[in-house]
Structure formats: structure tokens, C-alpha cells
Amino acid sequence: MNRMTQALQNDNEKNLVLLKKRALYYLGKREYSRKELRDKVSPFAESLEISRQQINQTLSELEACDWLSDKRFVDQFIFSKKRKFGLKKMEYELKMRGVDEIIIHNALNEIKSEEYNLAKNIWEKKFRKLPKNHEERLKQKRFLQSRGINSALIHQILSGKLSE
């Protein structure tokens, strides 16, 4: 009995090492939020009969070693998306990835001062000139809304006013 219990414990420890290696492999490719990484490794963990509690414990170890960081994930995400999307869309996307709202708001507040210029660049890349008629204006407005740009900024951009 003792050998069997010891063998099962050794297998469990080996499986936890395999889970940690898999998580580090994913983190080596790009940053993940804690929720994304948990979702990514869960099927593998289930195949190794690792409990949800053990998965969370492994993720906590990765956070303690600073290999997994929601803050770093948010910074990287915003850096890569700010030229394509407005603050509202980035906030929504980060919430869907399970990032804490405090981390999201702190990171977005850092680029709040750039919001007008980023939105204007998104608009200029697609349209380059102000709308000539109501139909064009609606088309440009819908485009900017779909990119998560604030309606006050959309009005400023489409009226040709400079940032206040």
C-alpha cells in the first residue's frame, strides 16, 4: 500500500511539473492574463487528472516568480492595440480576458492624454479627409464607433476641431 501511495504521489508531482512546463512554454511565446493561461492549460491539466485547485496553485507560483503578470499583459496588449482601437474597445477586450478592472483603468489612464491623437490617426489611416455629405459622415462615425472611440472624440474629429 505504501509503495502504491508513493507512486501515485510521484506521478502527481510529475504531472504538476509537466503542467508548469506547458504554462511556461505558452508564456515564452507571448504574455497571457491569468484567466487566459488557465483556460489554455486546463484541457492539458484535465488529461493529467490535475485539479482546478492545483492549476490555480501552479499559476500563483508563476505569478510569485513574476513569470505571469496581468499588469505586464495589459501593458503589452495596450501597446499592440492602441493604434487600432479606442480606449472603450481595449477596456472591453481586457475585461473579456479576465483582467482586474483596477489594472485596466490604471493602464488606460496612462494613455488617456494620447486618446485624441490615437483616434485621429485611426480615422486618418482609413479616410484621410472630412466627410462631404451626411452619408459619408455616418459611415465614418460608424467606423470610429466600431473601433471603440468615444463619441465626443468622434464629433471633434469629424467636425475638424483640434483637441481641447
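**Close-up views of a predicted model**

**View A. Ring pairs link Tyr25, Tyr26 and Tyr32 into a cluster.** This is a predicted model, with local features needing pLDDT of at least 70 and side-chain atom pairs counting only at pLDDT 80 or more, while totals for chains, interfaces and linings use all residues. Residues are numbered from 1 along each chain as its sequence is written, and side-chain values use heavy atoms, with hydrogens and water left out. Rings of Phe, Tyr and Trp (its six-membered ring) pair up here if their centres lie within 6.5 Å; planes under 30 degrees apart count as stacked, over 60 as edge-to-face, and the rest as tilted. Searching the whole structure turns up 4 aromatic pairs.

**View B. Phenylalanine 73 and phenylalanine 77 make a tilted pair.** Their ring centres sit 6.0 Å apart, with 40° between the planes. Both residues belong to helix 4 (residues 70-81), 4 residues apart, or about one turn of the helix. Helices here are DSSP runs of H or I with at least four residues, numbered from the N terminus. An α-helix has 3.6 residues a turn, so residues three or four places apart point the same way. Phenylalanine 73 is buried at 1% relative accessible area, and phenylalanine 77 is buried too, at 6%. Buried means under 20% relative accessible area, exposed means over 50%, and partly exposed is in between (1.4 Å probe, protein chains only).

**View C. The largest nonpolar core has 15 residues.** A nonpolar core is a set of buried Ala, Val, Leu, Ile, Met, Phe, Trp, Tyr and Cys residues joined through side-chain atoms within 4.5 Å. Leu19, Leu37, Val41, Ile55 and Leu62 have the most contacts inside this one. Helix 1 (2-29), helix 2 (34-47) and helix 3 (52-64) are the elements giving it two or more residues. Apart from it lies another core, with 14 residues, including Val74, Met90, Val99 and Leu108.

**View D. Threonine 58 lies in helix 3 and is buried.** Its relative accessible area is 6%. The threonine 58 side chain reaches the backbone oxygen of glutamine 54 at 2.9 Å. Skipping residues up to four places away in sequence, threonine 58 touches Leu16, Leu19 and Lys20; contact means heavy atoms within 4.5 Å.

**View E. Helix 8 (residues 134-146) has a buried side and an exposed one.** Its 13 residues span 18 Å from first C-alpha to last, close to the 18 Å expected at 1.5 Å a residue (that is, 1.5 Å times one less than the number of residues). Gln140, Phe143 and Leu144 are buried. Seen down the helix 8 axis, the buried residues fall within an arc of 95°, so they line one face; the arc is taken from the directions from the helix axis to the C-beta atoms. They pack against helix 7 (115-126) and helix 9 (151-159). On the other side, His134, Glu135 and Arg142 are exposed. At the start of helix 8, a side-chain oxygen of asparagine 133 comes to within 3.2 Å of the backbone nitrogen of glutamate 135.

**View F. Glycine 86 lies in the loop between helix 4 and helix 5 (87-96).** Glycine 86 is buried, with 9% relative accessible area. Not counting residues up to four places away in sequence, glycine 86 touches Ile122, Arg147, Gly148 and Ile149.

How values were computed. A polar contact is a pair of N or O atoms within 3.5 Å; within protein, one must be able to donate a hydrogen and the other to accept it, and residues adjacent in sequence count only if both atoms are side-chain atoms.
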